[in-house]
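Trainee: I'd like to learn how to read packed helices and nonpolar cores. Could you take me through it?

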Amino acid sequence: MSEYKIVYKGGTGEIVEKKSRFIASVFKVESEDEALEIIEQTRKKYWDARHNCFAYIIGENGQTKRCSDDKEPQGTAGKPILEVIEGAGIINILVVVTRYFGGTLLGTGGLVRAYSGAAKEGIANSSIITKEAGKKFVIDTDYNGVGKLQYIAANMDITITDTQYTDKVVMTFIVPLDKCEELKKKIVEATAGKAGIDDREEIYFAMLDGSPVIF
């Protein structure tokens, strides 16, 4: 996949329905074993809760999907949580929704709305980023080429992460895959082919607060 959403930093969210508390905990996970371990830890943390329902999606293509109603009526908890995750387009994510029973039955529809709502709240309180395939361009040029390369990067919305000045200038660009060929062409045209371009390093990156995070 050229890009997909992942959890950068998990969070929690809580809603209350007819005195029942629904607490969603969101985690980044890389394997089923890791997800199952976190689920067990969450059950221990909320040992006095009535239910700890969950759903997770793992793998770049979302090939591993599991959910559990944890003794809630079938289809009222785990599946709604899973559908929220799928709707958000996030992978490598685990959402556990803990319920403290408030004494009033919510009915099938009420449970679905509550578990969905809690999952959405938890995800909203988490840091979700888009992980994108790209390349690191290391470009060397003379001093006359610096302004031209900066102009190209700004117009193509490409991030320059480093610039080193010696007898020449070496600049590092983080480039999405779909912009690589166009960028090469523009650099060659702007510098009359004098700039050196090393674009061999393939990376995954995400933008966080305006700066790239490289994986």
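Trainee: At roughly what angle do the axes of helix α4 and helix α5 cross?

Mentor: The general idea is that two packed helices are described by the angle between their axes and the distance between the axes. Here, α4 (residues 146-155) and α5 (residues 180-190) have axes that come within 10 Å and cross at roughly 150°. That makes α4 roughly antiparallel to α5. Angles under 35 degrees count as roughly parallel, over 145 as roughly antiparallel, 65 to 115 as roughly perpendicular and the rest as oblique. Axes are lines fitted to C-alpha atoms, for helices over the stretch in contact, and angles run from 0 to 180 degrees between N-to-C directions. Helices (H or I, at least four residues) and strands (E, at least two) are DSSP runs, numbered from the N terminus.

By the way, this is a predicted model: local features need pLDDT of at least 70, side-chain atom pairs count only at pLDDT 80 or more, and totals for chains, interfaces and linings use all residues. Residues are numbered from 1 along each chain as its sequence is written, and side-chain values use heavy atoms, with hydrogens and water left out.

Trainee: Which residues of α4 and α5 meet?

Mentor: Lys148, Leu149 and Ile152 in α4 meet Leu183, Lys186, Ile187 and Ala190 in α5; contact means heavy atoms within 4.5 Å. They divide into 5 nonpolar, no polar and 2 charged. Ala, Val, Leu, Ile, Met, Phe, Trp, Tyr, Cys and Pro count as nonpolar, Asp, Glu, Lys and Arg as charged, and the others, Gly among them, as polar.

Trainee: How do α2 and α3 cross?

Mentor: Their axes come within 8 Å and cross at roughly 40°, which makes α2 oblique to α3. Among the residues making this contact are Ile81 and Ile85 of α2 and Tyr115 and Ala119 of α3.

Trainee: And cores? Which residues touch the most other members of the largest one?

Mentor: In soluble globular proteins, nonpolar side chains tend to be buried together. A nonpolar core is a set of buried (under 20% relative accessible area; exposed is over 50%, partly exposed in between, with a 1.4 Å probe and protein chains only) Ala, Val, Leu, Ile, Met, Phe, Trp, Tyr and Cys residues joined through side-chain atoms within 4.5 Å. The largest here has 29 residues, and Phe22, Ile81, Ile85, Ile93, Val95, Val97 and Tyr115 touch the most other members. Its largest share, 6 residues, comes from α3.

Trainee: Is Thr64 buried or exposed?

Mentor: Thr64, in strand β5 (residues 64-68), counts as buried because its relative accessibility is 18%.
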